[in-house]
Amino acid sequence: MRIISGKNKGQRLTAPKKLPVRPTTDMAKEALFNILNNQYYFNDVSVLDLFAGTGNISYEFASRGSENITAIDADLGCIQYITKTSADLDFPITALKKDVFQYLETNPIKAHIIFADPPYDLSPEEFSAIPKLVFEKQLLLENGVLIIEHSKHTDLSHLEHFTNHRRYGGSIFSFFEWTEGN
């Protein structure tokens with residue numbers, strides 16, 4: 001994986017092979033950040049990276065100037081890798097080993113951008129629990145967005161607060177926001 005833009009642009013990172021991850025492709029990540037770059041000034045946003053895996057998305061935000069990033073993953077190896085890589089690159093990322101659903105239930109942290117990249121084989125009920133918890137617990141700050149990455153075989157468009165989706169290869173980013181009427 002590589003960092004697409006910012007102060008660490010072009011830097012390649014190699015995660016240990018034993019981690020249970022499926023990193024977001026560089027093509028999909030670049031497209032996502034092109035969308036976000038038109039809506040946010042990264043220096044001013046707080047980020048919550050759920051199912052963070054290798055920390056790929058967190059590193060991209062940090063390289064672009066975000067200074068308040070929290071990465072959550074249930075796998076200790078992932079958290080150790082994110083912690084070490086963040087220290088090596090001097091990135092302001094707090095990595096926490098937690099079950100994402102339990103974290104969302106008890107999380108006092110609110111963010112401008114919440115990115116979730118759960119395993120693609122999550123059940124439909126588990127996928128729908130992510131936006132449900134984020135909006136019930138009011139975890140998005142004003143003008144915030146929840147982005148869920150999932151496979152083309154999963155449809156989240158029927159869920160409350162869904163606004164749109166973008167497809168990149170076999171991956172889809174579904175966007176959820178507070179809008180008038182919901």
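**View 1. Leucine 36 and the residues around it in the predicted model**. When the neighbours within four places in sequence are set aside, leucine 36 is in contact with Phe42, Phe61, Ile113, Val145 and Ile147 in this predicted model. Leu36 also belongs to the largest nonpolar core, where Leu36, Phe61 and Ile147 are the residues with the most contacts inside the core.

**View 2. The largest nonpolar core and the elements that supply it**. This core has 36 residues, and at least two of its residues come from each of helix H1 (26-37), helix H2 (56-63), strand S2 (68-73), helix H3 (76-89), strand S3 (93-97), strand S4 (111-116), strand S5 (140-151) and strand S7 (171-176). Of these elements, H1 gives the most, with six residues.

**View 3. Helix H1 and what covers its buried residues**. The buried residues in H1 are Ala28, Lys29, Ala31, Leu32, Phe33, Ile35 and Leu36, and what covers the buried residues of this helix includes H2, S4, S5, strand S6 (162-168) and S7.

**View 4. Leucine 89 in helix H3**. Leucine 89 has its place in helix H3 and has a relative accessibility of 13%, so leucine 89 counts as buried, the limit being under 20%. Not counting residues up to four places away in sequence, leucine 89 touches Ile3, Lys7, Asn8, Gln11 and Leu13. Serine 63 lies 26 residues from leucine 89 along the chain, and a distance of 9.0 Å separates the C-alpha atoms of the two residues.

**View 5. Aspartate 90 and its positive phi**. Most residues other than glycine have a negative phi. Aspartate 90, however, has a positive phi, near 55°, although aspartate 90 is a residue other than glycine. The loop between H3 and S3 holds aspartate 90, and this residue has a relative accessible area of 61%, so aspartate 90 is exposed, for which the limit is over 50%.

**View 6. Asparagine 143 and its positive phi**. Asparagine 143, again a residue other than glycine, has a positive phi, in this case near 60°. Asparagine 143 is part of strand S5, and with a relative accessible area of 62% this residue is exposed.

Methods. Residues are numbered from 1 along each chain as its sequence is written. This is a predicted model: local features need pLDDT of at least 70, side-chain atom pairs count only at pLDDT 80 or more; totals for chains, interfaces and linings use all residues. Side-chain values use heavy atoms; hydrogens and water are left out. A nonpolar core is a set of buried Ala, Val, Leu, Ile, Met, Phe, Trp, Tyr and Cys residues joined through side-chain atoms within 4.5 Å. Buried means under 20% relative accessible area, exposed over 50%, partly exposed in between (1.4 Å probe, protein chains only). Helices (H or I, at least four residues) and strands (E, at least two) are DSSP runs, numbered from the N terminus. Contact means heavy atoms within 4.5 Å.
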